[in-house]
Amino acid sequence: MSMLNITGKVLHVFEKPAVKRGDDLIDAKPQVQIMGELALPNGEKRYELVTLSTDTPRDFESYIDQRVSVPVGAFSPSKGSVIFFIPKGSKPYLA
């Protein structure tokens with residue numbers, strides 16, 4: 001169970017194309033874009049477009065233009081930068 005959720009409107013589901021880096025080919029990845037709602041300390045909301053990789057793009061296609069919540073994990077590869085991801089097996093649900 002994830003302690004973090006992103007809630008927002010599903011805007012787009014697409015496949016990020018494969019790319020070649022040196023001799024390595026990085027596979028294409030299905031991704032979903034959600035206009036997320038971030039709670040601010042003063043009780044207001046800030047909206048931010050969040051692009052997440054997903055193993056199950058069809059789970060999101062039926063929710064386009066609808067408000068959903070999805071469990072996410074987060075890590076910080078460098079100071080001031082946070083990357084969100086959808087843990088394997090997590091599914092969106094109507095919010």
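1. Strands S4 and S5 (residues 45-53) pair in the antiparallel sense, with nine bridges between them. Strands here are DSSP runs of E with at least two residues, and helices are runs of H or I with at least four; both are numbered from the N terminus. Pairing requires that DSSP finds at least two bridges between two strands. Within this pair, leucine 38 has arginine 46 of S5 as its bridge partner.

2. This is a predicted model: local features need pLDDT of at least 70, side-chain atom pairs count only at pLDDT 80 or more, and totals for chains, interfaces and linings use all residues. Residues are numbered from 1 along each chain as its sequence is written, and side-chain values use heavy atoms, with hydrogens and water left out.

3. Valine 13 stands opposite valine 32 of S4.

4. Overall, the protein chain has one helix and eight strands. Read from the N terminus, the order is β-β-β-β-β-α-β-β-β. The C-alpha trace spans about 50 × 35 × 25 Å along its principal axes.

5. Of the 95 residues in the protein chain, 25% are buried (under 20% relative accessible area; exposed means over 50%, partly exposed in between; 1.4 Å probe, protein chains only). The accessible surface comes to about 6,800 Å², and carbon and sulfur atoms hold 54% of that surface. Areas come from the Shrake-Rupley method with a 1.4 Å probe; for residues, only the protein chains shown count as cover.

6. Leu4, Val82 and Phe84 form a nonpolar surface patch, with about 250 Å² of accessible area together. Patch residues have over 30% relative accessible area and no salt bridge; nonpolar side chains (Val, Leu, Ile, Met, Phe, Trp, Tyr) are joined within 5 Å, like charges within 9 Å. A salt bridge puts a side-chain nitrogen of Lys or Arg within 4 Å of a carboxyl oxygen of Asp or Glu. Valine 82 lies in S7 (residues 81-85). Its relative accessible area is 53%, so valine 82 is exposed.

7. Aspartate 65 has a positive phi near 70 degrees, and this residue is not a glycine. Aspartate 65 is in the loop between H1 (57-61) and S6 (67-78). Aspartate 65 counts as exposed because its relative accessibility is 55%.
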